[in-house]
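Open the model in a viewer and keep the selection tool at hand. The stops below say what to select and what to look for there.

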Amino acid sequence: MTMNQPSLTERPAWQALATHFEQIEPLHLRQLFADDSQRAERLSVEAEGIYFDYSKHRITTETIDLLLQLAEECGLRERIDALFRGEKINITENRAVLHVALRAPREQAIDVDGADVVPAVHGVLDKMAGFANRVREGEWTGYTGRRIRNVVNIGIGGSDLGPVLAYEALRHYSRRDMTFRFVSNVDGTDFAEATQDLDPAETLFIVASKTFTTQETMTNARSAREWTLRTLGDEAAVAKHFVAVSTNAPEVTRFGIDPANMFIFWDWVGGRYSMSSAIGLSTMIAIGPDNFRAMLAGFHAMDEHFRTAPFERNLPVLMGLLTVWYADFFGAETVAVLPYDQYLKRFPAYLQQLTMESNGKSVTLDGRRVSYETSPIYWGEPGTNGQHSFYQLIHQGTKLIPCDFLGFSQSLNPLGEHHTLLMANLFAQSEALAFGKPAAEVRAEGTADWLVPHRTFEGNRPSTTLLADQLTPEMLGKLVALYEHSVYTQGVIWNVNPFDQWGVELGKVLASRIIPELQSSDEPELRHDGSTNALIRRYRERRGAAM
């Protein structure tokens, strides 16, 4: 991979886009639709069961042509091929990036360092399936012989956000006679609340940590071990109530987990790209191996679409390029992800790590400071709740916030007119954002002149609408892979590494230094800045105060 590339802003397509932006910026979506009766058809794509309507963006066909030219100039096609070939595109850690191998069919071959990794992937999937079935069918029992009714996943970051998203999104398909909980925060409240109504004799913990040394995860795991043994007493109980998703067999064994019950993954699996790996063990227990494999098939279908579809009809490429357009030319700082499906309530939180940990970078692959914006901030809530919360700012505030609306034609829980009302709100919001309500229309309704400015909607607020038939395991896989590959597209354009996360390291190092200073019974010598020293002293003085 060539790192010494021209600066992004020096590329011909970028400069053409800068000129083009001056022509586009004053145009209103009302005018763009009035001038082109076929705009909605022209600026929409249907692929892999997803109808992707991007006609309500502040673009023309020339905008898309220039963005596609930029993608070509940045070598997107070559970079996609390098990803799927297993090249070590994570250059700062000298690793391949092969989450696509986690959902490859058995007959596919993907080489890493001369070895086909697909058989190993399916070996782990088969082992997961066997274990999940034993738990689901009551064959795997706890130490006292009682069946497992509760599964608690202990992880953090990608080892938590992916499993939580998948469980909540696919709860319709889950075992309703089992309870699934997720513990991630080192705050003891998280563990206490997750376990307070559970019986240790019926509880299985999945400890998900690649190194089995992650501070937060292992602190929670040790608390889970103590919680279990307080009731069950015998150290031998650990092996019946704990399994691991890890690569560190010695530490797993030292904890008391039978290494036969360790489910591995590989250093070419990044945490935020890991929900289709063994990290998904809790998901597989919840929804069953068949549904889990259907989810993997959805991932793979979108992988293949990204790899093979022409860029002008490639959903992740179009989504990624539109993100670049707003971040770098309009100066939009955020993207709102608005799923009109309660099952996707954790999707925005999942995307926060996927997008911002990936492209929240300020240096290029060759270490140069960027001279342009990179990842926007991702956030959101399900509709219609958000309409009674933050939509006011999106409609009439001073910030431009591109929106992704996600909806489904068929509800998993048909109940009277609920779904019709839900989807009517989705379509209405995207329409209102795009076209607004001009002052003349407000005045024509008889509104007093002084009130007209307050009731005027400027419109011209951009959005994408993604419409699918139903939220199935397969469709969830497609949606997650869509955003994964959109993130990669953005990273290629910005010439950053979407697969490392050095920004999380410094805080970890400093926390390790501060921990003994907080624990010490003697007054420690503090060598931080004045503010941090004062905070440490304040905490030490007050930690024993009566509540």
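Select strand S12, residues 403-408, in this predicted model. All 6 of its 6 residues are buried, so the strand is largely enclosed by the rest of the structure. Show the side chains: Cys403, Phe405 and Gly407 point one way from S12, while Asp404, Leu406 and Phe408 point the other way. In a regular strand, side chains alternate between the two faces of the sheet. Here the residues pointing either way are buried.

Strand S10, residues 334-339, pairs with S12 in the parallel sense over 4 bridges. In that pairing, proline 339 stands opposite leucine 406. Strand S13, residues 463-468, also pairs with S12 in the parallel sense, over 6 bridges.

Keep Asp404 selected and move to the cavities. Which residues line the largest cavity? Select Phe52, His57, Met319, Leu322, Thr323, Tyr326, Val335, Tyr378, Pro402, Asp404 and Thr464. Helix H14, residues 315-330, supplies the largest share of this lining, with 4 residues. By class, the lining has 7 nonpolar, 3 polar and 1 charged residues.

Tyr326 belongs to the cavity lining and also to an aromatic cluster. To see the cluster, select Trp14, Phe21, Trp325, Tyr326, Phe329, Phe330 and Tyr372.

Stay with aromatic rings. A search of the whole structure finds 26 aromatic pairs. For one of them, select phenylalanine 33 and phenylalanine 435: the ring centres are 5.1 Å apart and the planes are at 75°, so the pair is edge-to-face. This pair links distant parts of the chain, with phenylalanine 33 in helix H2 (residues 29-35) and phenylalanine 435 in helix H17, 402 residues apart. Phenylalanine 33 counts as partly exposed because its relative accessibility is 22%.

Next, select phenylalanine 131 and phenylalanine 263. Their ring centres lie 5.5 Å apart with the planes at 55°, so this pair is tilted. Phenylalanine 131 is in helix H6 (residues 118-136) and phenylalanine 263 in strand S9 (residues 262-263), so the pair ties together parts that are 132 residues apart in sequence. Both phenylalanine 131 and phenylalanine 263 are buried.

The largest pocket has a volume of about 1100 Å³. Of the 40 residues that line this pocket, Thr214, Gln501, Val504, Glu505 and Lys508 are the closest to its centre. Helix H7 (158-169), H9, helix H15 (347-359) and H21 each supply at least two residues of the lining. Which helix gives the most to the lining of the largest pocket? H21 does, with 4 residues. The lining of the largest pocket divides into 13 nonpolar, 17 polar and 10 charged residues.

The second largest pocket has a volume of about 410 Å³. To find its centre, select Gln342, Ser411, His418, His419 and Leu422, the closest to that point of the 19 residues in the lining. Helix H17, residues 418-435, gives the largest share of the lining of the second largest pocket, 5 residues. That lining has 8 nonpolar, 10 polar and 1 charged residues.

Go back to H9, residues 215-232. At 1.5 Å a residue, its 18 residues should span 26 Å, and the end C-alpha atoms are 26 Å apart, which agrees. The buried residues of H9 include Met218, Ala221, Arg225 and Trp227. Just after H9, glycine 233 takes a positive phi of about 80°.

The last stops are backbone details. Most residues other than glycine have a negative phi, and most peptide bonds are trans. Select aspartate 113, whose phi is near 55°, in the loop between strand S3 (111-112) and strand S4 (115-116). Is aspartate 113 buried or exposed? Aspartate 113 is exposed, with a relative accessible area of 65%.

Asparagine 495 has a positive phi of about 60° and lies in the loop between helix H20 (473-494) and helix H21 (505-519). Asparagine 495 is buried, with a relative accessible area of 6%.

Finish at glycine 383 and threonine 384, joined by a cis peptide bond with omega about 10°. Threonine 384 lies in the loop between strand S11 (377-379) and helix H16 (391-396).

How values were computed. Residues are numbered from 1 along each chain as its sequence is written. This is a predicted model: local features need pLDDT of at least 70, side-chain atom pairs count only at pLDDT 80 or more; totals for chains, interfaces and linings use all residues. Side-chain values use heavy atoms; hydrogens and water are left out. On a 1 Å grid over the protein atoms alone, a cavity is a set of points where a 1.4 Å probe fits but cannot get out, and a pocket is an open set with protein on both sides within 12 Å along at least five of seven lines; lining residues have an atom within 4 Å of a point. Ala, Val, Leu, Ile, Met, Phe, Trp, Tyr, Cys and Pro count as nonpolar, Asp, Glu, Lys and Arg as charged, and the others, Gly among them, as polar. Buried means under 20% relative accessible area, exposed over 50%, partly exposed in between (1.4 Å probe, protein chains only). Two strands pair if DSSP finds at least two bridges between them. The expected span of a helix is 1.5 Å times one less than its number of residues. Grid points are joined across faces, edges and corners, and a volume is the space filled by probe spheres set on the points. Rings of Phe, Tyr and Trp (its six-membered ring) pair if their centres lie within 6.5 Å; planes under 30 degrees apart count as stacked, over 60 as edge-to-face and the rest as tilted.
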